[in-house]
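Colleague: Hi! Could you walk me through this model before I start on it?
Modeller: Happy to, here it is.

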Amino acid sequence: MARFLKSTARNFIVTQCRMSSDQLGELGKGAGKGGGGGGAVREAGGAFGKKQAAEEEMYFKRKEQEQLAALKHYHQEEIDHHKKEIERLQKEIDRHKGKIRELKQDD
């Protein structure tokens, strides 16, 4: 799980950096117009370039949402595990307290 968490955090940071970059200009406008390279369709610009750029942005947004959902699920599993561990340890404490009571009664 640690590897999953590290890769998820890394991907999240890369996505955020990519989305917050102000050097891109308007995506899909074509090469040399701020849209940059990224394939023949995007380099040509026009409506198809803008459409491809929008689809790419949606893909990354969906991917980010999936990663966040996976991260939330991971943390919920961790919380549940720790709650169960607390319950188990509390039962052990009660068991030991009972043994102490029995020893005091024997005195």
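Modeller: One definition before we start: helices (H or I, at least four residues) and strands (E, at least two) are DSSP runs, numbered from the N terminus. Also, this is a predicted model, where local features need pLDDT of at least 70 and side-chain atom pairs count only at pLDDT 80 or more, while totals for chains, interfaces and linings use all residues. Residues are numbered from 1 along each chain as its sequence is written, and side-chain values use heavy atoms, with hydrogens and water left out.

Colleague: Thanks! How many helices and strands does the chain come to?

Modeller: There are 3 helices and 0 strands. Read from the N terminus, the order is α-α-α.

Colleague: What span should helix α3 have, and how far apart are its end C-alpha atoms?
Modeller: Helix α3 covers residues 46-106, which is 61 residues, and at 1.5 Å a residue it should span 90 Å. The expected span is 1.5 Å times one less than the number of residues. The end C-alpha atoms of α3 are 90 Å apart, so the two values agree.

Colleague: Nice. Where does UniProt place the coiled-coil region?
Modeller: The record, an unreviewed entry, puts a "coiled-coil region" at residues 72-106. UniProt positions are given in the numbering used here, feature names are shortened, and annotations may be inferred rather than shown by experiment. In the model, residues 72-106 are 100% helix and 0% strand, with end C-alpha atoms 51 Å apart.

Colleague: Changing topic: how many salt bridges does the structure hold?
Modeller: It holds 3 salt bridges, each being a side-chain nitrogen of Lys or Arg within 4 Å of a carboxyl oxygen of Asp or Glu. K51 pairs with E55 at 3.4 Å, N to O. R88 pairs with E85, with the closest N and O atoms 2.6 Å apart. R95 and E92 meet at 2.8 Å, N to O.

Colleague: How many residues apart are R88 and E85 in helix α3?
Modeller: R88 and E85 are 3 residues apart, so about one helical turn separates them. R95 and E92 are likewise 3 residues apart in α3, about one helical turn. K51 and E55 are 4 residues apart in α3, again about one helical turn. An α-helix has 3.6 residues a turn, so residues three or four places apart point the same way.

Colleague: And those side chains, how accessible is R88, say?
Modeller: R88 has 43% relative accessibility, so it counts as partly exposed. The scale is buried under 20% relative accessible area, exposed over 50%, and partly exposed in between (1.4 Å probe, protein chains only). E85 is partly exposed at 28%, R95 at 39%, E92 at 30% and E55 at 45%.

Colleague: Which residues of α3 are buried, then?
Modeller: The buried ones in α3 are G49, A53, E64, Q67, Y74 and G98. Across the chain, buried residues make up 13% of the 107 residues.

Colleague: How many aromatic pairs does a search of the whole structure find?
Modeller: The search finds 1 aromatic pair. The rings of Y59 and F60 have centres 5.3 Å apart and planes at 75°, so the pair is edge-to-face. Rings of Phe, Tyr and Trp (its six-membered ring) pair if their centres lie within 6.5 Å; planes under 30 degrees apart count as stacked, over 60 as edge-to-face and the rest as tilted. Y59 is partly exposed at 42% relative accessibility, and F60 is partly exposed at 24%.
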